[in-house]
Amino acid sequence: MKEAAAKTPPKPAVQSLAQLLTEQPATPPPGWIEPGLLPPAGILFVGGEPKVGKSLLVANLALALAAGKDRAGFRIPAARRVLVCQFELPTPLFVERLASMRRSVGTAADQNLLVDTRAGGNLLSAPQGLNHFLHAARQAAAEVIVFDPLYSTHDQDENDTRSMAALCQSLLRLRDASKAALIVVHHVRKSIGSAFRGSSALHAVGDSYLLLTRPSAHLSATVELRFQFRYAAPPEPRLLQLDPQTLCFFAAGMVPSKTAAARKKVEPEHVTKALAGLGQQARYNQLREQVMDLADCSRRTAQLAIAEACRQGSIVQADGQYRLPF
């Protein structure tokens, strides 16, 4: 009876604004990676083309989080328990990579950075796989879980919105059950506006998005970072330089601003070329994505170019399809 009396009654599901305000902290807690890159219990998607350095940067951030040390121009307010679920390297090679990075933080991350050595073959999209990752998170007492890359955690069609929405629900269930923040590595296209495959579903669950691009083929060790934040204005793009000896990134300044006069105009010829590349016929969304990839432009610019191409008669729209004129 005494034990029953000592139990704290559960909070009511429905609370008034006054009740909720009493639980609100006087000042918002700092993010786990500042400025604003990883909120507490948030979801960060890290994207980029193959071999651009996504996995290296995420490993850098995981090590920095575990050590409570700032890295690559990002501030880490406190050390966190980090569980890494990576699927691209055999565990010995991954540990060898971490050992190179570890020299910059010493032993500070040794007890807080944990690796799921049995992650391979488990799918977030299957109940058994989701249970595996939840059990691993609880065993690690993880505050942050890293998945690298996303496509290895499921067997769904990433271009199918419904399939991706179901996968995102699995991510949300894992986050809510584990109470951990998530960092998810995802392969993307060039333009940040359409970069993340399954983007409509991903943008419904992500709190922040970090896109890595290579600003120049001649600067193989330099990457450009661009940001999208769901609840706040993103920071300006920045450059990182990779030290090939330590495999650690360090800040290399801000991206030079581009004047409006230097912006590339997308002509109707770009639209016809994009349509020809799709087989001379496509739906609007397919054509818009192709124009964005071909011209490396924003969604709005691609829409205006398609409208102008239709006005000029360079392409024809009928029955929900766009085609080249005969």
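The exercises below concern aromatic rings in a predicted model.

**Exercise 1.** Classify the pair formed by the rings of phenylalanine 87 and phenylalanine 133, and state which parts of the chain it ties together.

Solution. A search of the whole structure finds six aromatic pairs. For phenylalanine 87 and phenylalanine 133, the ring centres are 6.4 Å apart and the planes stand at 80°. Centres within 6.5 Å make a pair, and planes over 60 degrees apart count as edge-to-face, so this pair is edge-to-face. Next, place the residues: phenylalanine 87 is in the loop between strand 2 (82-86) and helix 4 (91-102), while phenylalanine 133 belongs to helix 5 (residues 127-140). The pair therefore ties together parts that are 46 residues apart in sequence.

**Exercise 2.** Decide whether phenylalanine 87 is buried or exposed, and do likewise for phenylalanine 133.

Solution. Buried means under 20% relative accessible area. Phenylalanine 87 has 18%, so it is buried. Phenylalanine 133 has 1%, so it is buried.

**Exercise 3.** Find which residues form one aromatic cluster with Phe74, and what sits over the ring of phenylalanine 74.

Solution. The cluster consists of Phe74, Phe227 and Phe229. Over the ring of phenylalanine 74 sits the charged end of arginine 238, 4.7 Å from the ring centre.

Definitions and conventions
Residues numbered from 1 in each chain as written. Predicted model: local features only at pLDDT ≥ 70, side-chain atom pairs only at ≥ 80, totals over all residues. Heavy atoms only, no water. Phe/Tyr/Trp six-rings, centres within 6.5 Å; stacked < 30°, edge-to-face > 60°. Helix = DSSP H or I, 4+ residues; strand = E, 2+ residues; numbered from the N terminus. Buried < 20%, exposed > 50% of the residue type's maximum accessible area, 1.4 Å probe, protein only. Lys NZ or Arg CZ within 6 Å of the ring centre and 35° of its normal.
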